[in-house]
Amino acid sequence: MPRAPGAPRGDSLSRYPYMLQQSALREKAPAWRWVVDSEERLNYYWAIGEGLPFPLRPRCRFPSLGDEFVSTRSAVFSELPPEKLRRICDPSSLGFITTSELKPVPAIIGQARALKALQFGLGMKESGFNIYVAGIPGTGRTTAVRSFLEETAKDKKVPPDWCYVNNFRDSYRPKALRLPAGRGKELQSDVKNLVEEARESIPRAFESEQYTAKREEIGDEFNKKRERMFSELGEKVHTEGFAVQATPMGLIIIAIKPDGTPLSDQEFRVLSPEARQELIGKRERLEIDLRALSKQIRQMEHEVNERLKNLDREVALASVGPPTGDLIEKYKDHPEVVAYLTEVQNDMVDNIAQFRPEAEAQATPIPIPWLKELAFRKYQVNVIVDNSELKGAPVVIEFNPTYNNLFGRIEKESQLGAFFTDFTLIRGGAIHSANGGYLVMHADDLLTNLFSWDGLKRALGDRKIVIEEAGERLGFIVTKSLMPDPIPLDAKVVVVGNPYLYSMLYAYDEDFRELFKVKADFDTRMDWSPDGMKSYLGSLCLICGKEGLKHFDVHATAKIIEYSSRLAEDQEKLSTKFSEIATLMREASYHASVGNADIVTSSHVQKAIEEKVYRSNLIQERIEEMIDNGTILIDTTGAEVGQVNGLSVTGSGDFTFGIPSRVTVSVGLGREGIIDIEREVKLGGPIHSKGVMILSGYLADKYARNKPLTLSARLVFEQSYSEVEGDSASSTELYAILSALSGYPVRQGLAVTGSVNQRGEVQAIGGVNEKIEGFFSVCKARGLTGDQGVVIPAANARNLMLKEEVVAAVREGKFHVYPVKTIDEGIEILTGVGAGERREDGAYEEDSLNGRVDLCLLENARVLRDFLKEEEKMPTPSPDGHAKEPVKVEDPPPDEE
């Protein structure tokens, strides 16, 4: 074909992209036609308009709706029909009028896998088969686990009671007693009554005439015998000329004169030595007899005291023995209790003084009620686990698993300015209450409380519960404290947490693997099937009953089902985030109450959904307002080269929404490849950076098999001031690069989302509904033209549950949703030009977009080669100022042409 008059010549495709336009009003489907001058090796392009050739400038825009571009390789693509954009729940298929006709379903809904794991874990009696329930918050994990455990616990045996009592041999080591359920409080009451009876009967027994007479009898007998012995010694001493005299130092023997008066020292000294020696000898012999008599009397006093003690013991035993014997008979099947009651009886008998009124008066000269009772606290029974009210195994949910709340504590009380503790101040924890049953805790609460996790692992590993001060584990407490007997542990522990915590614990905590061998995964979705629907409707009825809500009619229920499918982001699934479903039902019931309606209708549900969005979408409205007034630059009409509308999702708390972002690329000659400006300034996350680097792999595989990839392309999210993360914009960035290399403009009425791999396959992304609705809102604010829409991965088609207004716009032809599987499909939609296939010779079809890109990259390689040749021919200055000879550069092999 001859060149058009005035058509410029050149060697670079990127400088002269000429387009052929034919303004013929035919159909409204855009198509392109490129006429190639084969003699000029694709360097020149011709535009024909009504038979007259004329060149078009780069960055030409699409014409208005109705203009048509004709091409030898027009793109063919399809869009999703309205019925594929949202799954509708047919109210007539539900089979009821209101939810009051349904039967509540209290079981775990849609969690067959988790239910089976729970059943297995609870059935295993061996050590280590505790359960970790993994799932995100809002799926009803705790409520479901509680319901399941309570139902399972009904058929289990009630575990025993546990008590702490005084250790009469070592009061710092209280003893633990195990009794059947309900018997702990019974023993506590029995011992209390025993002590009260002893405090009344023992003083009364010691005040009896019989006791007084017996005590006097023993005393009189001792006195008479002592007097007789002293009388005999006195006669003997007097016979020898001495007398016994009492002094403060005790009894002494002194010499006397015949008249009975004491011999003075002066009189003693005037005696002859023989007389004095004889007198001294007699006194020594008599002192020996006196010492023997004193020893005998002390022995007699000891015997008398023992007789009096035995008398007191007999009297006390006569008072305490019968009631204690009755208790021993009552608890004869429990040897530990019998041993304890025997020790109580012995201690009472051994410490009779504390029961006597005069002892109490001496102990408490100032009346202090609690001090009066202090001596009798050692006889109390401290019940730390009371299962008397249970009908099965206990189910304990501890929401604040601090160390003390979990394992118990030893309290202290102030007495006269000092802290005091004993076994009656021992308090049990959640693990004591759950012993013999089930203990449920949240993993994040358990891990954030000091010592709780380590204490739990030690208790499960040792299979016993030890109550100790938390500071003792660190060795900080040096004061003496109690060391209660450990209690055997027989409980299933269920820890509820998210999957991430499970992975971290499993990877870094070896004990966790051994102690929590069962994982119960709670799914966020369930099948939208007839059986699943029946259970789901029953759960909605249960929510109405538990929450006291107004019942929902069939149309309102259908609307909730559709909302649930949107939460699940799948047309074949329903969400098991029952916390969000229940919240929607509460709000809908509230709107029905405001309107004085007896039944919740679909309008109430729709209003609840809209009001929830309205309360949270202020930021979204402000962003859309800035887009509409031009503060944020987003085009929704026309076409641009190297510029594509990307879609992203952002959020503020419980509300997420999609916003468009302009992605641009600038290309030039060089070998830098693709430069991600976001990554260079450290605003790009690792996943986003990975997605950008994949683009280099795609370009190399697609276009650089027979030539080096000579490219310098800079990608950026325009007007982005925060970190960009995720790879859902990688296809958008690739489209922008292909547009810049080929010179074909991209329709700005379309927005794009989807990740891409090195093979050019468009992969699924998240938040597809929010992204589509976000761009639709922008287009709606500026006016729908009928040429606007979004390009999404075909794999995301089943995730679509769009708002009714978006579906209506698609039905009216005002908006479009295009699914694509490959980059070639997407670029054809965006440019209207066929992507083109690779021919047998390795080159792409000449009049295709891929052919244009391939030729552009080839031309870039030639220009760069020529530039380097020219640069190498230039002399290089040496350090001494003389030019060096240029190095000869050989021509590239023919396959680089």
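The model is predicted: local features need pLDDT of at least 70, side-chain atom pairs count only at pLDDT 80 or more, and totals for chains, interfaces and linings use all residues. Residues are numbered from 1 along each chain as its sequence is written, and side-chain values use heavy atoms, with hydrogens and water left out.

**The chain as a whole**

The chain holds 28 helices and 35 strands. Helices (H or I, at least four residues) and strands (E, at least two) are DSSP runs numbered from the N terminus. Of the 897 residues, 47% are buried, where buried means under 20% relative accessible area with a 1.4 Å probe, protein chains only. Among contacts with a separation of 6 or more, 76% join residues 24 or more positions apart; contact means heavy atoms within 4.5 Å.

An open antiparallel sheet is built from three strands in the order 7-6-10. Two strands pair if DSSP finds at least two bridges between them. Strand 7 (175-179) and strand 10 (382-385) are at the edges with a single partner strand each, so one side of each has no neighbour in the sheet. On average, neighbouring strands of this sheet are turned by 30° against each other, direction ignored. Strand 6 (residues 161-165) pairs with strand 10 over three bridges, and Trp 162 stands opposite Val 385 in strand 10. Helix 7 (residues 335-350) lies across strand 6 and strand 7 and runs at about 130° to strand 7. Such angles run from 0 to 180 degrees between N-to-C directions, with axes fitted to C-alpha atoms, for helices over the stretch in contact.

**The nonpolar cores**

A nonpolar core is a set of buried Ala, Val, Leu, Ile, Met, Phe, Trp, Tyr and Cys residues joined through side-chain atoms within 4.5 Å. The largest has 46 residues, and Leu 177, Leu 187 and Tyr 340 are among those with the most contacts inside it. Strand 6, strand 7 and helix 7 are among the elements that each supply at least two residues of this core, while helix 6 gives the most, with 13 residues. Leaving aside neighbours within four places in sequence, Leu 187 is in contact with residues including Leu 177, Leu 341 and Val 381. Another core, apart from this one, has 38 residues, among them Leu 734 and Val 820.

**Aromatic pairs and charges over rings**

The whole structure has 19 aromatic pairs. Rings of Phe, Tyr and Trp (its six-membered ring) pair if their centres lie within 6.5 Å; planes under 30 degrees apart count as stacked, over 60 as edge-to-face and the rest as tilted. Two tilted pairs are listed here.

| Pair | Centre to centre | Angle between planes |
|---|---|---|
| Tyr 536 and Phe 578 | 5.4 Å | 35° |
| Tyr 703 and Tyr 844 | 5.8 Å | 50° |

Tyr 536 in helix 17 (residues 530-547) and Phe 578 in helix 19 (residues 578-594) are 42 residues apart. Tyr 536 is buried at 0% relative accessibility, and Phe 578 is buried at 16%. Tyr 703 lies in helix 23 (residues 686-703) and Tyr 844 in the loop between helix 27 (823-831) and helix 28 (849-873), so their pair ties together parts 141 residues apart in sequence.

The charged end of Arg 199 sits over the ring of Phe 376, 3.9 Å from its centre. This term requires NZ of Lys or CZ of Arg within 6 Å of the ring centre and within 35 degrees of the ring normal.

Definitions and conventions
Buried means under 20% relative accessible area, exposed over 50%, partly exposed in between (1.4 Å probe, protein chains only).
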